[in-house]
2 protein chains.
Amino acid sequence: MRYKRKKRLSAQEYADGIISGDRIILSRAITIIESKLPADVILAEEILELILPHTGNTLRVGITGVPGVGKSTFIESFGKYITSKEMQLAVLTIDPSSQISGGSILGDKTRMEELSNDPLAYVRPSAAGSALGGVNHKTRETMLLCEAAGFDVILIETVGVGQSETTVKGIVDFFLLLMLAGAGDELQGIKRGIMEMADAIAITKCDGDNVHRGKLARASYQNALHLFPPAESGWAPKVMTCSSVQNEGLDEILENILKFEKDMKEKGFFQSNRQSQNLHWMHETIDNHLKRAFYTNGSVEGNLNHLENQVIQNKLPAIAGARKLLELFNQTRTENDKNMA
Amino acid sequence: MRYKRKKRLSAQEYADGIISGDRIILSRAITIIESKLPADVILAEEILELILPHTGNTLRVGITGVPGVGKSTFIESFGKYITSKEMQLAVLTIDPSSQISGGSILGDKTRMEELSNDPLAYVRPSAAGSALGGVNHKTRETMLLCEAAGFDVILIETVGVGQSETTVKGIVDFFLLLMLAGAGDELQGIKRGIMEMADAIAITKCDGDNVHRGKLARASYQNALHLFPPAESGWAPKVMTCSSVQNEGLDEILENILKFEKDMKEKGFFQSNRQSQNLHWMHETIDNHLKRAFYTNGSVEGNLNHLENQVIQNKLPAIAGARKLLELFNQTRTENDKNMA
């Protein structure tokens with residue numbers, strides 16, 4: 001630990017480097033954010049506190065869609081369109097599959113090769129993390145570092161099949177759902193509730209034989225969205241079509257996102273949304289810590305499986321199972337504290 | 001406390017009374033479930049453990065919709081239709097507004113007077129509880145007691161504007177969303193994501209001038225639902241119309257719910273869904289206890305407001321605010337434990 005610590009700069013040096021736009025310092029600071037070493041956790045917070053006044057000027061866009069929808073290709077094309085407008089772009093990816101295969105992170109780098117080589121773009125795949133607050137936690141703080149480094153737009157990519165969408169929706173300003181044109185098959189795998197979260201839907205791969213189907217899908221979804229409950233902000237989500245390989249429709253999508261930013265800032269919703277996101281994040285972080293302390297407790301771990309099975313088989317009421325685990329937890333804690341005293 | 005304790009029966013006496021269908025014992029047992037006295041908490045668990053083998057034969061239906069959709073009138077009519085089929089019915093209501101006005105519980109009783117006097121029906125409004133796991137927690141255990149008492153169907157009413165829908169969705173087999181026919185105004189107030197949770201939508205007040213509008217709305221929503229991601233179970237939600245005052249459409253709704261039960265049991269989804277709900281409930285209960293212990297801690301309470309404000313104003317990173325509160329919490333706990341040792 002002491003060896004690793006030596007290689008670190010001071011919080012101020014990291015902050016200065018990030019704010020001046022030094023990408024090497026930025027990358028090293030992100031590594032500290034992702035680190036679990038106690039000293040790094042403190043250092044990460046110090047860096048965050050220093051760069052915080054320099055955050056907030058970036059448009060945060062979440063992009064989701066099931067595997068096969070062409071997310072990476074879309075982000076490559078859309079990203080290059082964004083940088084062609086002289087905007088600086090950061091791309092962060094959350095890929096739950098990387099925890100299983102271990103290969104996806106390399107895959108991302110390869111797939112977004114052009115964008116990675118673009119001087120106006122910065123691509124950072126998420127390292128695989130723990131289920132409780134791991135990946136997602138770090139993504140939000142990584143986003144703040146990128147903001148301080150002066151990026152105009154941050155794209156955060158997720159796979160629309162799990163829990164991470166709700167988390168990403170909770171840290172971005174705009175949530176874009178990518179879909180395929182088709183007869184409903186394309187919906188297989190998308191989690192329910194995600195459509196109602198979207199600030200816009202883009203139908204991908206609208207080229208060649210698919211153009212007509214894309215237009216039909218666009219009309220159907222636009223009709224359906226009218227029947228959805230309106231967003232708190234009053235924003236009416238739009239359905240658009242695009243082709244990443246032919247670079248078509250990307251302009252309309254960017255325009256829509258920028259219009260959202262303008263409208264929401266005029267209404268004051270943009271800032272109020274970020275404030276409640278900040279607050280929510282603090283409570284979510286607390287919640288994750290409390291849960292982690294509980295479920296990594298030896299007594300809890302040792303009895304969890306057995307009690308879970310009893311609850312599943314309806315042999316034990318859920319609240320009785322909960323109470324037993326809570327008692328084991330509190331007992332061990334008290335004993336530990338006594339031993340330490 | 002000792003005085004109150006004296007009035008209690010033994011867990012076995014409560015369980016026997018409930019299982020024999022004694023409604024007075026049932027009501028008294030529900031009061032124990034709702035009680036916060038430590039002795040009652042243990043007694044409640046003992047009762048639950050005894051009645052657990054007698055639960056599971058009831059169809060659990062959640063009903064939601066915004067104020068003004070006619071929920072109480074619908075439940076009164078639909079409930080009477082259910083009992084007319086010789087089915088025994090329990091109705092549980094969760095009304096967040098009762099925490100504010102204090103008057104809604106009386107209101108429910110008055111509004112469902114006919115059903116309350118029906119010998120095949122049992123209406124139990126929720127007592128107002130604490131925000132963290134209070135009302136909802138008790139509703140689930142109350143539901144289990146009603147199941148053991150032999151009710152065939154349990155309707156659980158919620159208001160479709162808050163967090164309780166997600167909780168109710170997590171304890172019922174079938175989730176029915178009530179909506180009004182109209183030009184989109186009716187959606188004001190419904191929380192986003194709830195439509196995608198629904199197993200069926202019933203458009204209420206389809207009588208008089210409203211019949212035509214109701215039919216149009218039914219067709220629109222049915223089209224829109226086809227574009228939603230399919231449920232994990234493969235069930236395709238149906239949109240129906242009804243009139244509570246004219247008792248129309250209630251048969252179709254009950255048929256749809258019973259078809260769901262039949263189909264899902266054949267697929268094995270019914271049981272597997274309940275098993276994962278049991279498990280989820282145990283973890284949710286643990287989570288609520290951990291949060292309650294945290295946020296009722298004196299040091300945390302004393303510093304929460306100040307730190308929340310700093311986080312909202314972006315003066316402090318959310319994770320730094322979280323860490324400070326967690327440190328205060330752990331410090332007080334350790335000191336308490338030392339003092340007790």
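## Interface between chains A and B

Across the interface of chain A and chain B, 14 residue pairs, both members at pLDDT 80 or more, are in polar contact, a term for N or O atoms within 3.5 Å of each other where, within protein, one must be able to donate a hydrogen and the other to accept it, residues adjacent in sequence counting only if both atoms are side-chain atoms. On the side of chain A that touches chain B, the elements giving two or more residues are α4 (38-51), α9 (135-148), α11 (194-197), α12 (211-226), α14 (269-295), α15 (298-312) and α16 (318-340) of chain A; helices (H or I, at least four residues) and strands (E, at least two) are DSSP runs numbered from the N terminus. That side has 37 nonpolar, 15 polar and 16 charged residues, where Ala, Val, Leu, Ile, Met, Phe, Trp, Tyr, Cys and Pro count as nonpolar, Asp, Glu, Lys and Arg as charged, and the others, Gly among them, as polar.

In this predicted model, local features need pLDDT of at least 70 and side-chain atom pairs pLDDT 80 or more, whereas totals for chains, interfaces and linings use all residues. Residues are numbered from 1 along each chain as its sequence is written, chains are lettered from A and ligands numbered from 1 in the order in which they are written, and side-chain values use heavy atoms, with hydrogens and water left out.

The area buried between the chains is about 6100 Å², of which carbon and sulfur atoms give 66%; this is the accessible area (1.4 Å probe) that two parts lose on being put together, summed over both. Three salt bridges are counted between chain A and chain B, each a side-chain nitrogen of Lys or Arg within 4 Å of a carboxyl oxygen of Asp or Glu; Arg323(B) forms a salt bridge with Glu45(A), with the closest N and O atoms 2.6 Å apart.

## Aromatic pairs

Twelve aromatic pairs are found over all chains, the rings of Phe, Tyr and Trp (its six-membered ring) pairing if their centres lie within 6.5 Å, with planes under 30 degrees apart counted as stacked, over 60 as edge-to-face and the rest as tilted. The ring centres of Phe174(B) and Phe260(B) are 5.0 Å apart and the planes at 85 degrees, so this pair is edge-to-face. Because Phe174(B) lies in strand β5 (residues 174-180) and Phe260(B) in helix α13 (residues 250-267) of chain B, the pair ties together parts that are 86 residues apart in sequence.

## Glu141(A)

Glu141(A), in helix α9 of chain A, counts as buried at 1% relative accessibility (buried is under 20% relative accessible area, exposed over 50%, partly exposed in between, with a 1.4 Å probe and protein chains only). Leaving aside neighbours within four places in sequence, Glu141(A) is in contact (heavy atoms within 4.5 Å) with Ile33(A), Leu48(A), Trp281(A) and Ile319(B).
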